[in-house]
Structure formats: C-alpha cells, structure tokens
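Good morning, and thank you for coming. Please look at the sequence and the structure first, and then I shall discuss two topics.

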Amino acid sequence: MFSSTWNFLKRHKRKFIFAGAFVGGVYFLGKYAQKKIREMQEREASEYIAQARRQFHFESNQRTCNMTGTVLLPANKLDIWEDLKIISFTRSVVAVYSTCMLVVLLRVQLNIIGGYLYLDNSVSKSGMMPLAPPDVQQQYLSSIQHLLGDGLSEMITAVKKAVQNTLGGVSLKQSLSLQELEQHLNQIRAQVEEGDGGSTHRPLSWYMMPDEENTLAAQACGLTENDVTTIKLLNETRDMLESPDFGTVLNTCLNRGFNRFLDNMAEFFRPPPGAQGDSTPITTPDSLSHVSLPVAKIIPIVNGQIHSICSEIPSHFVQDLLMIDQVKEFAANVYETFSTSHELQK
C-alpha cells in the first residue's frame with residue numbers, strides 16, 4: 001500500500017509542487033495586500049488630518065478676525081477684554097474638540113473604506129463590480145466637510161454659550177490657579193457634552209455628520225448607483241458614531257486632549273525661581289496649585305494654545321491622540337468588521 005502511494009506521489013510530483021506553490025502564493029499575496037491597504041490607510045489619514053487641520057486653522061483665524069474686528073470698533077477697553085476672554089477660550093476649546101473629532105472620525109472612515117478595498121481586491125479576480133469605486137470613496141470622504149463647515153459653526157455656537165455661562169461672570173482681575181482653571185474647563189465640557197437643560201442640545205456625533213434625513217433629502221432626486229453606495233456608507237458610519245464604543249473612544253481622546261492643553265498651560269503657572277527657598281525649584285502638582293494668575297494674563301496664554309493644537313508641524317497633539325491604545329483597537333475592530341463580506345451583505 002505504501003509502495004503504491006509513493007508511486008502515485010512520484011507520478012504527480014509536479015502537480016503537488018505547483019498546487020502547494022499556488023496556495024502558498026495566494027496566502028502571501030493576501031497578507032501582502034492587507035499590509036499595503038494598512039499602509040495606504042495610515043498615509044491617507046496623515047494627509048487628510050494635515051489638510052483638515054490647515055483648513056480649520058484658517059477658518060478659525062478668519063472667524064477670530066471678524067469677531068475681533070466687530071468688538072474692537074464700537075467698544076471701550078474693558079468691553080474689548082471681556083470679549084477677548086470669551087473669544088480666546090472659545091477658540092482653544094473648539095480646537096481641542098474639533099481636532100479630537102477629526103482624528104477619530106477619519107480613523108473610522110478610512111478603516112471602513114479599507115475594509116471595502118480589501119474585499120474589492122478579493123472580488124476583482126472574479127470579475128465582479130467593485131464595492132467602493134474611486135468616485136464613491138471621494139464622495140464618502142468628502143463628508144468630512146460637515147465637521148469643518150456646518151458642524152464647526154454649530155460647535156462654536158455651543159462652546160461660546162458654555163464659555164459665556166462659565167466665565168462671563170469671572171472678573172478680569174480675579175486670579176485663578178491651574179486647578180481652578182481645570183474646574184472651569186470641566187464645567188464648559190459638561191455643558192457642551194451633556195447640555196444645560198435646554199432643548200437645543202446636540203450629541204457630539206451630530207457635529208461630525210449631518211442627520212440622516214438631511215443627507216437623503218439633499219440627494220433625493222436622480223440617485224445613481226454610486227450615490228446609493230455612498231449613502232449606505234454614510235449610514236453605516238453614522239451608526240458607528242452613535243455606538244457606545246465610539247462614545248467611549250471619543251471621550252478618551254477628549255480627556256487626553258484637554259489634559260495636554262492643561263499641561264501646556266502649566267508651563268506658565270510654575271513658581272518663580274527661589275520662591276520655595278531653593279535656587280532650583282521643583283515643580284509639583286502641589287506647588288502649581290499655589291500659583292495663580294489674573295484672568296487678564298491667562299487670556300493671551302489660552303489664545304496661544306491654538307498654535308500647538310492646530311498649526312504645529314509635526315503636530316505632537318495629533319500624534320498623541322493617534323497613539324492612544326483605545327483609538328488603535330477601535331480602528332482595528334472597524335477594519336475587521338468591514339473587511340468581512342458577511343457584514344457588507346447586510
């Protein structure tokens with residue numbers, strides 16, 4: 001029996017070698033394709049983030065110029081500083097929110113597209129039509145304009161209202177410690193993220209993507225096959241943004257973002273040399289809590305944070321967000337979900 005089996009193997013040796021090489025080649029090609037798709041995602045993410053950050057910084061700067069010009073002309077000096085207080089805090093808080101949202105949203109979108117591209121790479125060999133052709137990808141990714149347009153405008157309105165409620169009554173002469181500043185930021189965040197009891201409160205996901213009804217109404221006439229596919233992608237993304245897991249990841253990013261904002265502010269709350277009886281002062285959380293600055297001096301410091309958040313190249317702020325474990329794990333789960341044909345057939 002062994003002899004006949006051995007003879008059979010010898011007769012068909014080339015076929016077995018070819019079959020083994022073919023199967024191994026397909027396996028390694030699949031792995032290679034996955035690697036290339038991930039590299040492409042990382043490259044596109046960096047490019048989109050850089051472009052979006054530049055656009056946000058430009059638009060934010062134009063809004064600041066408009067608001068500042070409006071308040072400078074008719075007001076007296078005290079009124080100008082009161083307005084600058086609200087404008088400065090609003091700009092920097094909005095910058096933290098929008099940058100965190102931009103990073104997480106693009107991670108979700110690029111990994112959804114990456115899942116479709118992986119499947120397209122598989123089905124292209126069988127002659128089937130691609131699930132996400134280039135036109136669909138471009139149309140889908142252009143939805144980020146909502147965050148940089150209407151979403152950003154609405155966010156500025158919401159944050160400005162929260163800043164006004166929290167800091168409007170704080171005198172320019174009043175001194176604040178870093179700990180007290182953090183408490184004020186937490187109050188602003190609570191009003192933005194949880195509302196102040198008003199009926200106009202929106203979830204954070206709304207600032208990133210328009211309502212489903214608005215998306216469909218804008219494209220209600222003359223829908224092409226690519227339009228239908230794009231709407232499907234947008235609906236899947238919207239479901240993802242409204243999930244508890246996404247909310248947890250975004251909140252983690254926001255906590256990291258505002259902590260970094262406060263860390264940058266802490267540089268200006270250090271005790272002066274020799275204040276603690278030592279020529280080489282050691283900065284501790286306790287020592288920082290004993291240093292207070294008048295609000296009038298805090299305003300330009302807060303306003304200056306917009307550079308480190310939006311303009312700095314390379315952006316350590318963005319890099320810090322991208323390295324958060326929860327962000328990377330969530331992105332991997334999104335890719336895994338949408339690179340499975342069963343999910344896309346729903």
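Does Cys253 count as buried or exposed? At 0% relative accessibility, Cys253 counts as buried, where buried means under 20% relative accessible area, exposed over 50% and partly exposed in between, with a 1.4 Å probe and protein chains only.

Please note that this is a predicted model, in which local features need pLDDT of at least 70 and side-chain atom pairs count only at pLDDT 80 or more, while totals for chains, interfaces and linings use all residues. Residues are numbered from 1 along each chain as its sequence is written, and side-chain values use heavy atoms, with hydrogens and water left out.

The structure holds zero disulfides, a disulfide being a pair of cysteine sulfur atoms within 2.5 Å. The sulfur of Cys253 lies 5.6 Å from the closest cysteine sulfur, that of Cys100, which is too far for a bond.

I turn now to a helix pair. Helix H11 covers residues 244-266 and helix H13 residues 295-311; helices are DSSP runs of H or I with at least four residues, numbered from the N terminus. The two pack at an angle of about 125°, with their axes 10 Å apart. Axes are lines fitted to C-alpha atoms over the stretch in contact, and angles run from 0 to 180 degrees between N-to-C directions. H11 and H13 are therefore oblique to each other, since angles under 35 degrees count as roughly parallel, over 145 as roughly antiparallel, 65 to 115 as roughly perpendicular and the rest as oblique.
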